[in-house]
Amino acid sequence: MKKLLGSVIVATMALSMLTGTALAGSVNVAVEKTAVVFTDAQPFVDANSRTLVPLRAIGEAMDVTVAWNEETKTATFTSFYPEAEELLSEDKTSYLGKVTVDFVVGSETAKVTYTYFKVGTPSDGEAVQAVEDEITMDTAAVVKDGRTYAPVKYLAEAFGYTVTWDAETSTVAISAEAVEETATEEAKPEETATEVAKPAYENGPENVTGFEVKDFVDKL
């Protein structure tokens with residue numbers, strides 16, 4: 001009896017330790033200081049030390065639409081923007097009305113498309129120009145347990161957000177506001193950075209740099 005009781009106690013202690021480890025290793029995500037609620041599928045840190053998040057929850061948190069193409073294994077995130085002075089093209093004849101980000105499962109390259117519309121027309125009308133750019137990543141979107149996950153750092157930065165990592169709370173913080181240089185980059189949770197990483201893409205329209213995404217984006 002004592003032997004059985006001892007075994008039960010040891011098993012219970014082992015289970016508690018495992019549970020504690022699992023909780024300690026969990027990853028949180030916050031958009032504009034509001035925690036993203038993940039119901040069934042949970043974010044996780046992959047072998048490349050990047051945080052991957054399930055599509056639906058992060059899309060809803062950032063207020064962007066998400067579409068999944070089963071044939072091409074592509075997740076497409078789209079955000080529409082109203083016409084505004086700071087979104088005008090260089091010649092002032094068109095404005096940035098839509099930004100689309102495509103992640104292909106297994107690929108370490110994502111595509112960003114900036115779509116411009118004629119001034120005075122809605123962003124669901126006919127586009128006058130589409131500028132494509134590529135994001136070179138050190139990880140890729142994956143399918144895990146039947147759910148598709150995208151790397152949150154590259155996704156958020158493509159929409160103009162700043163992404164940082166809070167090691168104390170194991171939280172990926174996504175914000176439209178610039179952060180102090182002492183903040184740590186989300187990129188690698190086990191590393192620290194002396195300055196905030198810039199978006200992975202380089203050829204985006206220069207006039208987009210100054211606008212505040214938070215005014216137009218609120219996101220699965």
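Colleague: Which residues does T113 touch, not counting residues up to four places away in sequence?

Modeller: T113 touches K98, V99, T100, A130, V131 and E132, where contact means heavy atoms within 4.5 Å. Please note that this is a predicted model, in which local features need pLDDT of at least 70 and side-chain atom pairs count only at pLDDT 80 or more, while totals for chains, interfaces and linings use all residues. Residues are numbered from 1 along each chain as its sequence is written, and side-chain values use heavy atoms, with hydrogens and water left out.

Colleague: Where is T113 placed?

Modeller: T113 is in strand β8, residues 109–118. Helices (H or I, at least four residues) and strands (E, at least two) are DSSP runs, numbered from the N terminus.

Colleague: Is T113 buried or exposed?

Modeller: T113 counts as buried because its relative accessibility is 11%. The cut-offs are under 20% relative accessible area for buried, over 50% for exposed, and partly exposed in between, with a 1.4 Å probe and protein chains only.

Colleague: And how many residues of β8 are buried?

Modeller: Seven of its ten residues are buried, so β8 is largely enclosed by the rest of the structure.

Colleague: How many bridges join β7 to β8?

Modeller: Eight bridges join β7 to β8, and the two run antiparallel. Two strands count as paired if DSSP finds at least two bridges between them. S94 stands opposite K118 in β8. The two strands form a hairpin with four residues between them, and G106 in the turn has a positive phi of about 90°.

Colleague: What about the pairing of β8 and β9?

Modeller: That pairing is antiparallel too, over nine bridges. Here F117 stands opposite A127 in β9.

Colleague: What lies in the loop between β8 and β9?

Modeller: V119 is found in that loop, with β9 spanning 127–136. V119 counts as partly exposed because its relative accessibility is 33%. Leaving aside neighbours within four places in sequence, V119 is in contact with E83, L88, K92, T93, S94 and Y95. The C-alpha atoms of V119 and L88 are separated by 8.1 Å, although these residues are 31 apart along the chain.

Colleague: Changing topic: how many aromatic pairs does a search of the whole structure find?

Modeller: The search finds three. Rings of Phe, Tyr and Trp (its six-membered ring) pair if their centres lie within 6.5 Å; planes under 30 degrees apart count as stacked, over 60 as edge-to-face and the rest as tilted. One of the pairs is F44 and Y149, edge-to-face at 5.0 Å centre to centre with 70° between the planes. This pair links distant parts of the chain, 105 residues apart: F44 is in strand β3 (residues 44–45) and Y149 in strand β11 (residues 147–151).

Colleague: Why do F44 and Y149 count as buried?

Modeller: F44 is buried because its relative accessible area is 18%, and Y149 is buried because its relative accessibility is 5%. Another pair is F77 and F103: the ring centres are 6.0 Å apart and the planes lie at 90°, so this pair is edge-to-face. It also links distant parts of the chain, with F77 in strand β6 (residues 74–80) and F103 in strand β7 (residues 94–104), 26 residues apart.

Colleague: Which charged end sits over the ring of F44?

Modeller: The charged end of K144 does, 4.0 Å from the ring centre. The criterion is NZ of Lys or CZ of Arg within 6 Å of the ring centre and within 35 degrees of the ring normal. K153 lies over the face of Y154, at 5.9 Å from the ring centre.

Colleague: Which residues have the most contacts inside the largest nonpolar core?

Modeller: They are I58, F77, F103, F159 and I174, in a core of 40 residues. Such a core is a set of buried Ala, Val, Leu, Ile, Met, Phe, Trp, Tyr and Cys residues joined through side-chain atoms within 4.5 Å. Its largest share, five residues, comes from α3.

Colleague: And the open sheet of four strands: what is its order?

Modeller: The order is β2-β1-β13-β12, with mixed pairing. The edge strands are β2 (34–35) and β12 (162–166), each of which pairs on one side only. β12 pairs with β13 (residues 171–175) in the antiparallel sense over five bridges, and T164 stands opposite A173 in β13.
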